[in-house]
Amino acid sequence: SLNSNTYWHIMSIQNPYVSNLDYKLNFRSIEFLDLVVSAQGADPVQLFIYLDQPTAAGYHYQFISYPDKIYQADITDGAFDVTGDTPIISFVVGINGTLQFDLRDYQAIVPPGSVMSLVAYSTQSINKISISGVWRTIG
């Protein structure tokens with residue numbers, strides 16, 4: 001369970017400057033199209049999406065590369081520093097709820113060298129949170 005009144009890192013996607021596929025410069029962007037979020041807790045959960053947000057002291061990205069993919073992902077939970085920055089997108093998931101968010105109109109694009117992070121917050125502890133996403137490469 002994730003403690004209350006803390007901004008929690010749920011997932012980050014990094015679009016590296018150098019492609020994991022062929023070790024050449026990466027000129028492709030990643031566009032988030034859709035997110036499905038399920039959360040269990042006694043209070044609604046706010047979900048924030050940040051672009052290139054520094055993490056909190058003590059938390060460091062732990063990116064994993066995937067075969068045949070240009071992106072790298074970090075799904076390690078930890079406190080996240082949101083001071084001094086504004087999320088590019090925010091949503092609310094109801095108590096013990098599941099919602100699907102269509103992100104196409106938001107043009108949530110991760111250019112090469114950038115990181116898009118999903119962060120959760122609630123005034124009560126979050127017992128469980130699951131996120132699945134659909135994205136595509138552009139270029």
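Tyr-121 is buried, with a relative accessible area of 15%; buried stands for under 20% relative accessible area, exposed for over 50% and partly exposed for values in between, with a 1.4 Å probe and protein chains only. The structure is a predicted model, in which local features need pLDDT of at least 70 and side-chain atom pairs count only at pLDDT 80 or more, while totals for chains, interfaces and linings use all residues. Residues are numbered from 1 along each chain as its sequence is written, and side-chain values use heavy atoms, with hydrogens and water left out.

A search of the whole structure finds eight aromatic pairs. Rings of Phe, Tyr and Trp (for Trp, its six-membered ring) pair if their centres lie within 6.5 Å; planes under 30 degrees apart count as stacked, over 60 as edge-to-face and the rest as tilted. The rings of Tyr-7 and Phe-48 form a tilted pair, because their planes stand at 50° and their centres are 5.8 Å apart. This pair links distant parts of the chain, with Tyr-7 in the segment before strand 1 and Phe-48 in strand 3 (residues 45-51), 41 residues apart. Strands are DSSP runs of E with at least two residues, helices are runs of H or I with at least four, and both are numbered from the N terminus. Tyr-7 counts as partly exposed at 27% relative accessibility, whereas Phe-48 counts as buried at 10%.

Tyr-7 also forms an aromatic pair with Tyr-121, and this pair is stacked, with 4.5 Å from centre to centre and 25° between the planes. Here too distant parts of the chain are linked: Tyr-7 lies in the segment before strand 1 and Tyr-121 in strand 10 (residues 114-121), 114 residues apart. Ring pairs join Tyr-7, Phe-48, Tyr-50, Phe-80 and Tyr-121 into a cluster.

The protein chain as a whole has zero helices and eleven strands. Its pattern along the sequence is β-β-β-β-β-β-β-β-β-β-β. The radius of gyration of the protein chain is 15 Å, close to the 14 Å that the globule rule gives for 139 residues, so the chain is as compact as a globular protein of that length. The radius is taken over C-alpha atoms, and the globule rule is 2.2 Å times the number of residues to the power 0.38. The C-alpha trace spans about 45 × 35 × 30 Å along its principal axes. Of the 139 residues, 42% count as buried. Among contacts (heavy atoms within 4.5 Å) with a separation of 6 or more, 82% are between residues 24 or more positions apart.

Polar side chains were examined next. His-9 is found in strand 1 and is buried, with a relative accessible area of 0%. The side chains of His-9 and Ser-12 are joined by a polar contact of 2.7 Å. A polar contact is a pair of N or O atoms within 3.5 Å; within protein, one must be able to donate a hydrogen and the other to accept it, and residues adjacent in sequence count only if both atoms are side-chain atoms.

Asp-74 lies in strand 5 (residues 72-74). Asp-74 is buried yet has no salt bridge, and the nearest side chain of opposite charge, Lys-128, is 19 Å away. A salt bridge is a side-chain nitrogen of Lys or Arg within 4 Å of a carboxyl oxygen of Asp or Glu; for charge, Lys and Arg count as positive and Asp and Glu as negative, while His and the chain ends are not counted. A polar atom of the Asp-74 side chain lies 2.8 Å from the backbone nitrogen of Thr-76.

Ser-65 is found in strand 4 (residues 64-65) and is partly exposed, with a relative accessible area of 39%. Not counting residues up to four places away in sequence, Ser-65 touches Asn-20 and Gln-72. The C-alpha atoms of Ser-65 and Ser-132 are separated by 18 Å, and these residues are 67 apart along the chain.

Positive phi angles were also examined. Asn-5, although not a glycine, has a positive phi of about 55°. Asn-5 is placed in the segment before strand 1 (8-15) and is partly exposed, with a relative accessible area of 47%. Gln-107, also not a glycine, has a positive phi of about 50°. Gln-107 sits in the loop between strand 8 (97-102) and strand 9 (108-110) and counts as exposed at 59% relative accessibility.
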